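Biologist: I am new to this one. Could you walk me through how to read it, feature by feature?
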Amino acid sequence: MEEKRIGVYVCWCGTNIAMMVDVKDVSKEMEKLPGVVLAKNYKYMCSDPGQDMIIKDIKKYNLDRIVVAACSPRIHEITFRNALENAGLNPYMLQMANISEQDSWVHTDRIEATRKAKSLVAAAIRRVIHHKPLKKRIVNVHPNTLIIGGGVAGMSAALELSEAGKKSFLIEKSDQLGGTAAKLKLSFPYLNDVVNDISNLIKRVEKSEHIQVILNAEVQEIHGFIGNFNGIVKTTDEKEYSIEFGNTIVATGLKSFDAGKLKNYGYWKYSEVITSIEFELLVKQGVVVNKKGIVPENIAIIHCAGSRNENYNNYCSRTCCMSALKYANQLRNLLPDANIFEMYADMRTFGRGCEELYTSTSRKGIMFLMFDQRAELPLIKEDERGNGVVIEFKELLSGEEIQVPADLVILMVGMEAHENAKSVSHLSGISMDSNGFFIEKHPKLDPVATTTDGVYVVGSCQAPKDIPDSVSQAKAAVARILATILRGTVEVEVTTAEINADICCGCQFCISVCPYGANSFDAANDVSVVNEVLCKGCGTCATACPSGAISTKHFTDEQILSQIEGLMAKVHELEELETN
Amino acid sequence: MNSSSENGNEFHQKVHPDTLVIGAGIAGIQASLEIANAGYKVYLVEKSGTIGGHMAMFDKTFPTLDCAACILTPKMVEVGQHSRIDLLTCSEVTEVNGYPGAFKVKIHKKARFVDQQLCIGCGSCAAKCPGKAPSEFDSGTALRKAIYIPFPQAVPNKYLIDPESCLYMQTDGKKCGVCVKFCPVNDCIDLHAMDEELNIEVGNIVIATGFKIFDAKKVARFGYGKFPNVLTSLELERLINAGGPTEGKITFRTKDKKGNWVFKPDGGAPDSVAIIHCVGSRDENCNAYCSKVCCMYSLKLAHLVKEKLPATAVYEYFIDMRAFGKGYEEFYQRIKKEGVHMIRGKTAKIEEIKGSLKLRSEDILNNRIIEQLADMVILAVGLEPSDGVKQLSEMIGVEIDANGWYKELDSLLDPVGTARQGVTIAGVCQGPKDIPDTVAQASAAAARVLQSIESLKEVEFI
Amino acid sequence: MGGLTMNTRVNPDFEKELQKYGKGNWNECFHCGNCTAICPLSEDGFLFPRNSIRTLQMGLEKKLETSIEPWLCYYCGDCSETCPRDANPGELMMALRRYLTTRYDWTGLSKKFYTSAVWEYAAIAIIALLVIVSFLVFLPLRPDAALMVNESGGVMINSLVAGVSPDRFVTLIEYGDWLMAVIVGGLLITNIFNMYYKTIIADKTVKIPLSAYFKEFWQLIYNFVTQASFSKCEKRSYWLGHLLLMTGYTIMFIIVVVFLPYFQIEEVVPVWHWQRLLGYYATFGILFFLGIVIFQRLRKNPITMKFSHASDWIFIIMLALTTLTGIILHIFRLAGMVEATYYTYIIHLAVLVPMIVIEVPFSKWSHLAYRPFAIYFSKLKLATLKEKSVRKLAPAIS
């Protein structure tokens, strides 16, 4: 074996690592290992001076392999790969040893943590010896975009793309665009009439030459990968569209919580009890009556219906507080003499102008009452004194057990993930959280991308959201998509599976386990083959292959086994040192 | 969509492909990267000596508790290395002329006094420098030298000199100058470097000027600035951070030998910490608006205090707990289970009694007054528009609201556009926002920019 | 039938009713708890003003009617100044004191006076007229009044009336005083008993041992005389000002009602005489305080003076007129101006009598009595709340 020239860099991460790991000792010890030309430690390897150090060393000492002992590769692998590339080295000649999250963060004994760090770095050194240069793979990007869901989020995305002259397919399940927003009369916090805004938005979408709206339709199939998707869309009247696109935006929106589940509120039992959705319809018609057709005198608005309670949904639906205040204002205008009761848990009016809405609403003779959302919910029962119902609960701010008479009760039903979320997630290869909302790639730094490249989630299908936030997200996804379209190409995963045709026995087991449909069978040669562009390098097929014909690039058996050997060798060595 | 020229008074102009981004916090960074990664040039103008903004100062982020620096620094590094991002630190926009699609912008670039190409970051200068000032990055919890790198992961990671605290500059060159003597690189430090004026032309402007925190001294009854262990949330954030003055230990502010109040690692740990919500927010006497993030960051800080000091009692005094985002309510429930005491009722006043702080609050749900003794009090200060917003808004021709937040074109359907074509807003400068919303908005602003350049849309003018 | 315990029903109309007693955006309160916590007088068992705001917002009339808290507040204004919502909790406590005064008054006149300024003006005018007419008809100026000047040149005030000897005149006025005191006092005492019934007897949650009544009795006297409670407020100057007014007023009241024969005498006593010194002190105390209050109410600053109810102005003006006519009377008398003395005397009484008859049992003045009683009652209740002291400074929170 030719001589390897390895450079090892141990990061202090300020004190994050250095406090628990003796980084100087680690680098000193690593210098002794075979193949290691130099080992250094530095305060912040990821900072400019840290990276410069690596680049200079590569050139000066002719290093061909680099080990960085720092944080998780998820955080800075890209940073150091770029540094290698800048120094003229193939970026895959890097191996990171995670001595932060997997070591210094989780230990309290400095000696033990230092020993662990040594083992981890030694393992990385053994591994990097077997690294091979890999070539970046670049694919072209199809300029069209598939948008699933014709609500405000989906339409905003389509329009933003259209303004840039890019085509999109806007697939809507129902027979009209607009989604939940189309049901609204006013928006919060400024109580503007949105009916025209939304219908104008719809008109703009319909008029755009770059947007193909397909109503009453659902996406049946999606295949491919970033830049090169194709799919089938089917309408209820059995029309099928076969489309090609480079990116996908999932904007399937929300469904409202089923008020019937709330046993204390008697949604099906009392004609006085309606949901916020039903109220929006009433107020849009300009007539507020209960289901008996009576104009109400006492109106109760109950917040958090189905939210923030472990018997229903644990999460907060984010928008209901503001909607409830909006309703109070609408009711005050329509019925100036009615008594309005706003029953809330925490008043979550956090957005711009929302606290101000809360203040101005409180000036309009509305009675705010607080109940314990996590305990037994208020009980709605028939009023013995009057025609309507009466709501009984313990009011928290006064500590009093009280009764609120009502001939109209509006339940502020929360948002839930759409029932078709599961099928959309399978279709587009994205994951859902326990509440059925789609999971973004990173909650903070990548709130609209997903772990599947080229697929974005925007709007309330990612988590409950108001209109402006949904629009923001929709446009954010468009920024990312435009960037790929403008560049025309995109880099895709290189750590794909490889099948050694000589060993493959043609059992096709790999095809059945591949979650991405990347493996197929070459009947002529009686072997399985990998479509590299579809393969995500997850390694499932490699472990499943009974004849050991499949390996994953950059994760070969050799590489992994040497890493384990390195780890154990150091462990033994250190143990022996101790016993002596 | 297509520009029409029915009106004879219109004229058309192709959009200049370069973009100016003002402010290099997470919003400005995100917007710049989105645009640059799409292949267009960005001028990123930042007032201070480094990019990163407030997010770089935080320890962890809610509700996932990932390390703020860990998730931010890769982006900062990317900005620093990006061939299409022209990073202008210590710079401010002083003039904006021209029109949408072709703005002519004058930038005042203050001297850093240290050559960015030559500086090797050895630190010899700072080691000898006698000038000291409170570190902006550490929110004043620590001192920095007059010649300094704002923080170890700063981008650019080069020294700069703060003329306000430099002895040489304060004495008109009569004293000091040791940094030049000890600098191993010739001509690296130039104490007579002049500010520069830069003229650029851009097609779009993204405003991402962020925020400053509410001045807690304005609420005199909390005794901030009077009682040494009444801290702002940002100060605690720096204490908790391993890179802060106490190496991640939560310690008291103590007097050093010279009698200055300082934080140091052996300052002693508090047995009880109280966190007061809504300081400067939701208050007609200060800012009437809700600052949106304080409830959540307070819960996060409570968690971090508990994590560092498990035996320490933590009390949160709140009005309404606004845990609204994805995973936020769940986080709130988790913190409650961790044993943090939640008291509905805002503290009214703080007194110092024998070195201990006494908070008087109403425990509304239990119908009683609590006179709580705490070793340390954290004020969850709200957000305010950063300084200079008014001048900038007038310069660019974008409206701000009564509170000083930038006004978007349409509060409902266009949260990033402004009434001035070619100008978009991103992040907290439009109103308090958490990181995910800021990032989404920044990307959305970038989309608007890209879309205008890409379509080579001719800007319509009347 | 419903459950065993009937929940109280909220009453959204009550807030409108209370607006008659004072103006405030009380519905704006979002219950941060700042006001109760900033108030040094608020303590476990008697939490205010937030509790009172909540009770008002919800229209729990019974609970409000039986609460002592409004009387425990001296309106230093700290709560209103620091209220984050400008809900003005201090002014609510003021309005509630007015409201409670009407609830204690069984005659219903108090409510009339508080909710209708016309009623109050009319009542004052009628009584004033009665006084004036009675004097002019039954006690006219004697024709030789000009002679009624003593050796030091002062007017012999008791000798100005025709057909009545000086001794008899004083006795007549004294009887009048006593009659007024008995009527007014009687009304006030029944009202206080009403207050006692509502706040103590009707409250079934506390059982007050008889011994407590004796043990805590000193609180009543002590607080009446010193207003010690007010001194706990951070703004001590308010307490001093209030004390000055209260003592001045009370001194004059006692002198005029109890010691009239020693006060209203023919000779002019020396300046250092107790009578004149006390009189000057009282005059100064009242005028000084009134001056400040009038100035502040006109400027609507500080916040405690921002919202002036008609009853506030009537009280201030009546008191100011009484004092001013008293001063003028004093000057005329010293200057030997007989006729002026006589007519000023009538005017003085025409202001004083309606002020006392209206203000003491039915209006603002009554707080002088209700306050110390409220403190007394609150101490009675607190004495039965055993755990109270244990709770102080206890960090344990469930």
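Biologist: Let me start with a single residue. In strand 1 of chain C, which residue is the bridge partner of A:Ile402?

Modeller: First, a caution: this is a predicted model. Now the general idea. Strands of a sheet pair through backbone hydrogen bonds, either parallel or antiparallel. Here the partner of A:Ile402 is C:Thr8. Strand 20 (residues 400–406) of chain A and strand 1 of chain C run parallel, joined by 2 bridges.

Biologist: How many residues does each chain bring to the contact between chain C and chain A?

Modeller: Chain C gives 18 residues, and chain A gives 18 residues. On the chain C side, strand 1 (8–9) and helix 3 (50–58) each supply at least two residues. Helix 3 of chain C has the largest share, with 4 residues. By class, the side of chain C that touches chain A holds 5 nonpolar, 9 polar and 4 charged residues.

Biologist: Now a sheet. What is the strand order in the open sheet of 3 strands in chain B?

Modeller: The order is 4-5-10, and the pairing is antiparallel. Strand 4 (91–99) and strand 10 (196–202) of chain B are the edges. Each has a single partner strand, so one side of each lacks a neighbour in the sheet. From one strand to the next, the twist averages 20 degrees.

Biologist: How many bridges link strand 4 of chain B to strand 5 of chain B?

Modeller: There are 8 bridges between strand 4 and strand 5 (residues 102–109) of chain B. For one residue pair, look at B:Val93, which stands opposite B:Ile107 in strand 5.

Biologist: On to helices. At what angle do helix 2 and helix 3 of chain A pack?

Modeller: Two packed helices are described by the angle between their axes and the distance between the axes. For helix 2 (residues 48–61) and helix 3 (residues 73–86) of chain A, the angle is about 40 degrees and the axes are 9 Å apart. The crossing is right-handed. A:Gln51, A:Ile54 and A:Ile55 in helix 2 meet A:Thr79, A:Ala83 and A:Asn86 in helix 3. That contact has 3 nonpolar, 3 polar and no charged residues.

Biologist: One more helix. Why is helix 6 of chain B described as largely enclosed?

Modeller: Count its buried residues. In helix 6 (residues 233–240) of chain B, 8 of the 8 residues are buried, so the rest of the structure largely encloses this helix. Among them are B:Leu234, B:Glu237 and B:Arg238.

Biologist: Which elements of chain B do those buried residues pack against?

Modeller: They pack against strand 12 (211–213), strand 13 (230–232), strand 15 (261–263), helix 7 (294–308) and strand 22 (376–381) of chain B.

Definitions and conventions: Residues are numbered from 1 along each chain as its sequence is written. Chains are lettered from A and ligands numbered from 1 in the order in which they are written. This is a predicted model: local features need pLDDT of at least 70, side-chain atom pairs count only at pLDDT 80 or more; totals for chains, interfaces and linings use all residues. A residue is buried if 20 or more other C-beta atoms lie within 10 Å of its own, exposed if 12 or fewer, and partly exposed in between; C-beta atoms are placed from the backbone. Two residues are in contact if their C-beta atoms, placed from the backbone, lie within 7 Å. Two strands pair if DSSP finds at least two bridges between them. Axes are lines fitted to C-alpha atoms, for helices over the stretch in contact, and angles run from 0 to 180 degrees between N-to-C directions. A crossing is left-handed if the near helix is turned anticlockwise from the far one by less than a right angle, and right-handed if clockwise. Ala, Val, Leu, Ile, Met, Phe, Trp, Tyr, Cys and Pro count as nonpolar, Asp, Glu, Lys and Arg as charged, and the others, Gly among them, as polar.
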